[in-house]
Amino acid sequence: TIGKLVIHRQRIEKIPVEAKRDALIRLLKKRGLNLLPWNHSIRQWQSRVMLLNRLGLELWPDVSDQYLLMTIETWLAPYLDPISKLSDFQQLDLQSILSGLLPWPLPKQLEELAPNTMTVPSGSNIKIDYTQSPPVLSVKLQEMFGCLDTPTIANGKIKLMLHLLSPAQRPLQITQDLAGFWKNSYSEVKKEMKGRYPKHPWPDSPEQALPTKYTKRHS
């Protein structure tokens, strides 16, 4: 090609592996990591690892988009050989590829320090949303009765942001100070919600009440 004038074009039947990898890496660096098959679960994993990385805990790698893009050659290149068209990127097992960046015993420690879910006082197992900062635990208000301490992760280093929900699953309070909420704001919430949701318990002393995910009529 001279400028934009094509002098000769020939189909290459077999592209050398290294040349193909280099071309795909250049494409990814130009177009970005959105060509890869990200989903909510993988973004959750990424956010969990980055939370521990930002705490400065030893050995936790940087898995931010920016760093991953800079280091594609080291973590993604070996998996690019089957790629021959853009849609093939969606066939990559991105979760397994990224999980390989955590040496043992970090995968086990990830579950301990930044678990996907938390068991609340009612016994429910609630998912934690790590894509927000700080991580969010959205839970029905009545399921937290009797709990004074805001739930934490990372060996107590990070308090979760509680979204205390109404029976209609709408946030009644957003707080990292559960004890302060019971003491100061709960009475106003109870006054407003008791008439709207009479089937649900609204005790005068939520700190001493039994947590429940059910209505008052449930046996």
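This is a predicted model: local features need pLDDT of at least 70, side-chain atom pairs count only at pLDDT 80 or more; totals for chains, interfaces and linings use all residues.
Buried means under 20% relative accessible area, and exposed means over 50%, with partly exposed in between.

Side chains alternate along β2. I126 and I128 point to one face and are buried.

β2 belongs to an open sheet of 5 strands. The strand order is β1-β2-β3-β6-β7, and the pairing is mixed. β1 (117-119) and β7 (171-175) stand at the edges. Each has a single partner strand, so one side of each is left without a neighbour in the sheet. On average, neighbouring strands are turned by 30° against each other, with direction ignored.

Which way do β1 and β2 run relative to each other, parallel or antiparallel? They run antiparallel, joined by 3 bridges. T117 has K127 in β2 as its bridge partner. The hairpin of β1 and β2 has 5 residues between the strands. Within that hairpin, G123 takes a positive phi near 100°.

On to the following strand. A hairpin of 6 residues joins β2 to β3. β2 (residues 125-129) and β3 (residues 136-140) also run antiparallel, with 2 bridges between them. D129 has V136 in β3 as its bridge partner. Helix α7 (residues 178-196) packs on the sheet, where α7 touches β6 (161-165) and β7. The direction of α7 makes about 165° with that of β7.

**Buried positions in the helices**

Helix α6 (residues 106-113) has L106, L110 and L113 buried. These residues cover an arc of only 80° around the axis, which puts them on the same side of α6. What covers the buried residues of α6 includes α2 and β4 (152-153).

Helix α2 (residues 40-54) contains Q46. Is Q46 buried or exposed? Its relative accessibility is 8%, so Q46 counts as buried. A polar atom of the Q46 side chain lies 2.8 Å from the backbone oxygen of V63. Leaving aside residues up to four places away in sequence, Q46 touches W38, V63, S64, D65 and L68.

Helix α1 (residues 17-31) includes V17. V17 has a relative accessible area of 46%, so V17 is partly exposed. The C-alpha atoms of V17 and L80 are separated by 9.4 Å, although the two residues are 63 residues apart along the chain.

**Salt bridges**

Side chains of opposite charge can pair when their charged atoms come close. How many salt bridges does the structure hold? It holds 10. The table gives three of them.

| Pair | N to O distance |
|---|---|
| K29 and E73 | 2.8 Å |
| K191 and E188 | 3.4 Å |
| D204 and K190 | 2.6 Å |

Take K29 and E73, whose side chains meet in a salt bridge. This pair links distant parts of the chain, with K29 in helix α1 and E73 in helix α4 (residues 72-75), 44 residues apart. K29 is partly exposed, at a relative accessible area of 38%. E73 is partly exposed as well, at 39%.

K191 and E188 both lie in helix α7. They are 3 residues apart, about one turn of the helix. K191 counts as exposed, at 61% relative accessibility.

D204 forms its salt bridge with K190. D204 lies in the segment after α7 and K190 lies in helix α7, so the pair ties together parts that are 14 residues apart in sequence. Which of the categories, buried or exposed, applies to D204? D204 is exposed, with a relative accessible area of 63%. K190, at 16% relative accessibility, counts as buried.

E18, R21 and D81 are linked in it.

Methods. Residues are numbered from 1 along each chain as its sequence is written. Side-chain values use heavy atoms; hydrogens and water are left out. Two strands pair if DSSP finds at least two bridges between them. Helices (H or I, at least four residues) and strands (E, at least two) are DSSP runs, numbered from the N terminus. Axes are lines fitted to C-alpha atoms, for helices over the stretch in contact, and angles run from 0 to 180 degrees between N-to-C directions. Contact means heavy atoms within 4.5 Å. Buried means under 20% relative accessible area, exposed over 50%, partly exposed in between (1.4 Å probe, protein chains only). A polar contact is a pair of N or O atoms within 3.5 Å; within protein, one must be able to donate a hydrogen and the other to accept it, and residues adjacent in sequence count only if both atoms are side-chain atoms. The arc is that of the directions from the helix axis to the C-beta atoms. A salt bridge is a side-chain nitrogen of Lys or Arg within 4 Å of a carboxyl oxygen of Asp or Glu.
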